[in-house]
Amino acid sequence: MTPPSNFWDALAPYHSTVENSYLDLPSLDGILRDIHPPVLIVGAGQGLIVAELQKNGVRCDGVDLSSEMIRYAKLRRGLDLIQADARATPFGQCESRGHPD
């Protein structure tokens with residue numbers, strides 16, 4: 001069986017076309033006031049949502065399984081996303097609506 005990251009690694013060079021066409025940043029603006037940091041974006045891809053949240057002052061990190069998506073997030077947006085499987089992230093658990101800093 002092929003690891004799922006192989007698909008996303010192969011898609012990475014073309015992802016900007018898909019990302020910019022199908023992710024609706026105006027919708028994110030509509031819910032921004034309801035987002036409570038810290039935020040973890042799982043499946044962050046090339047970091048579009050992470051970058052937008054950070055631009056709006058939200059403390060946010062992103063993880064993705066694909067090393068190529070992470071590489072492109074660094075190249076395109078200067079982001080240092082974390083390579084991790086969503087089933088085993090390197091983050092502790094947060095309480096609902098709060099985070100022990």
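Before looking for aromatic pairs I noted the rule: rings of Phe, Tyr and Trp (its six-membered ring) pair if their centres lie within 6.5 Å, and planes under 30 degrees apart count as stacked, over 60 as edge-to-face and the rest as tilted. I also noted that this is a predicted model, in which local features need pLDDT of at least 70 and side-chain atom pairs count only at pLDDT 80 or more, while totals for chains, interfaces and linings use all residues. Residues are numbered from 1 along each chain as its sequence is written, and side-chain values use heavy atoms, with hydrogens and water left out.

Entry on aromatic rings. I searched the whole structure and found 1 aromatic pair. F7 and W8 form this pair, edge-to-face, with 4.9 Å from centre to centre and 85° between the planes. I then looked up accessibility, where buried means under 20% relative accessible area, exposed over 50%, and partly exposed in between (1.4 Å probe, protein chains only). F7 counts as exposed because its relative accessibility is 52%, and W8, with a relative accessible area of 37%, is partly exposed.

Entry on the chain. I counted 5 helices and 3 strands in the protein chain, taking helices (H or I, at least four residues) and strands (E, at least two) as DSSP runs numbered from the N terminus. Along the sequence they follow the pattern α-α-α-β-α-β-α-β. Of the 101 residues of the protein chain, 29% count as buried.

Entry on the core. I took a nonpolar core to be a set of buried Ala, Val, Leu, Ile, Met, Phe, Trp, Tyr and Cys residues joined through side-chain atoms within 4.5 Å. The largest nonpolar core has 13 residues, of which V39, I41, V50, L53, C60 and L81 touch the most other members. Two or more residues of this core come from each of β1, α4 and α5 (67-77). In α4, I found L48, V50, E52 and L53 to be the buried residues. Leaving out residues up to four places away in sequence, L53 touches L28, L32, I35, V39, I41, V58 and C60, where contact means heavy atoms within 4.5 Å. Just after α4, G57 takes a positive phi of about 80°.
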